[in-house]
Amino acid sequence: MSDQNRLSVFKTYKLYVGGKFPRSESGRVYEVTDSKGQWLANAPQSSRKDARDAVVAARKAFGGWSGATAYNRGQVLYRVAEMLEGRKDQFVREVAAAEGLSKPKAAAVVDAAIDRWVWYAGWTDKIGQITGGANPVAGPFFNLSTPEPTGVVAVLAPRKSSFLGLVSVIAPVIATGNTAVVVASSAAPLPALSLGEVLATSDLPGGVVNVLSGATAELAAPLAAHQDVNAIDLTGADAELARELEIAAADNLKRVLRPQPVDADDAPDWTADPGTRRLTAFLETKTVWHPTGALGAAGSSY
């Protein structure tokens, strides 16, 4: 049969929760179009129940992921970059359609996203050295500060950067040992949903990253108020929604990462050097005091 006579086989996109690909509990979908308004696919319209399920999966995965060595987490993030490299053509097509870019420009975006995974992979076993250390104290004590992951982080993905921006908000969260519930850009969710397929075939344990699609405000509200969500990244929220979510997050003292300063197009410059701001945003500092010299009945000492 010639290609002209074939019916197109359209992809069925699903959520990525707990390492699996469920359909939305609601059974709803919504139409996703390209920059010219042409239909691309139907994406799942996640419900509040889906958001709660994602938080449960993220919490279940947190102990194992936060307890892994920093070196191991770096290996896993690097493996994600390897898998993306092998599926680059697919992501170039999806980014071009989602963001209205030419294929060369979309290829540059995908290359930058892959490089960003590698960049954060290299930070996993180094961030502790710049955020912790031995503190000088007046007295016969050792005083040591070490960083620890905050916990489950809700991430609202950027509205206008469907892939490079997406990677730039997910990778630093999990690089430092947190787990994530990601709400994809409602207008351009397909690269995020495809990223779930890459994560599932990499070495990343199920539940470390969970990807939801749908209306950002509908999903963000229960995540901001959820008592088992420890932090929220408001990057994908507009100013009005961000204010509402900060109020909801205050109920259980969540860490809140506010949107970065924006350019003339009301969007962060995701191509810029990301620095360590996002790596340190969801870390807690544990400080331990210990007397020098004899250490109790065992008689051990430093």
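I began with the second largest pocket, which 18 residues line; Y13, L40, R93, E94 and L190 lie nearest its centre. I keep in mind that this is a predicted model.

I looked up which elements give two or more residues to this lining: they are β1 (29-33), β2 (39-44), α3 (88-99) and α7 (190-200). Helix α3 gives the largest share, five residues. The volume of the second largest pocket comes to about 310 Å³. I then sorted its lining by residue class. I noted 13 nonpolar residues, two polar and three charged.

Next entry: the sheet. I traced five strands in an open sheet, in the order β7-β6-β5-β8-β9, and the pairing is parallel.

I followed one pair in detail. Strand β5 (residues 152-156) runs parallel to strand β6 (residues 179-183), and five bridges join them. I looked for the bridge partner of V153 in β6 and found A180. A reminder to myself: strands of a sheet pair through backbone hydrogen bonds.

Then the helices against this sheet. Helix α6 (residues 164-175) lies across β5, β6, β7 and β8 (231-233). I read its angle to β6 as about 160°. Helix α8 (residues 216-225) also lies across β5, β6, β7 and β8. For α8, the angle to β6 is about 150°.

Last entry: confidence. I noted a mean pLDDT of 89 for the protein, with 93% of its residues at 70 or more. Where does the pLDDT fall below 50? I found this over residues 296-302. Beyond near neighbours in sequence, that stretch has eleven contacts in the model. Where pLDDT is low, the predicted coordinates should not be read in detail, so I stop there.

Notes: Residues are numbered from 1 along each chain as its sequence is written. This is a predicted model: local features need pLDDT of at least 70, side-chain atom pairs count only at pLDDT 80 or more; totals for chains, interfaces and linings use all residues. Side-chain values use heavy atoms; hydrogens and water are left out. Two strands pair if DSSP finds at least two bridges between them. Helices (H or I, at least four residues) and strands (E, at least two) are DSSP runs, numbered from the N terminus. Contact means heavy atoms within 4.5 Å. Axes are lines fitted to C-alpha atoms, for helices over the stretch in contact, and angles run from 0 to 180 degrees between N-to-C directions. On a 1 Å grid over the protein atoms alone, a cavity is a set of points where a 1.4 Å probe fits but cannot get out, and a pocket is an open set with protein on both sides within 12 Å along at least five of seven lines; lining residues have an atom within 4 Å of a point. Grid points are joined across faces, edges and corners, and a volume is the space filled by probe spheres set on the points. Ala, Val, Leu, Ile, Met, Phe, Trp, Tyr, Cys and Pro count as nonpolar, Asp, Glu, Lys and Arg as charged, and the others, Gly among them, as polar. pLDDT is the predictor's confidence in each residue, from 0 to 100.
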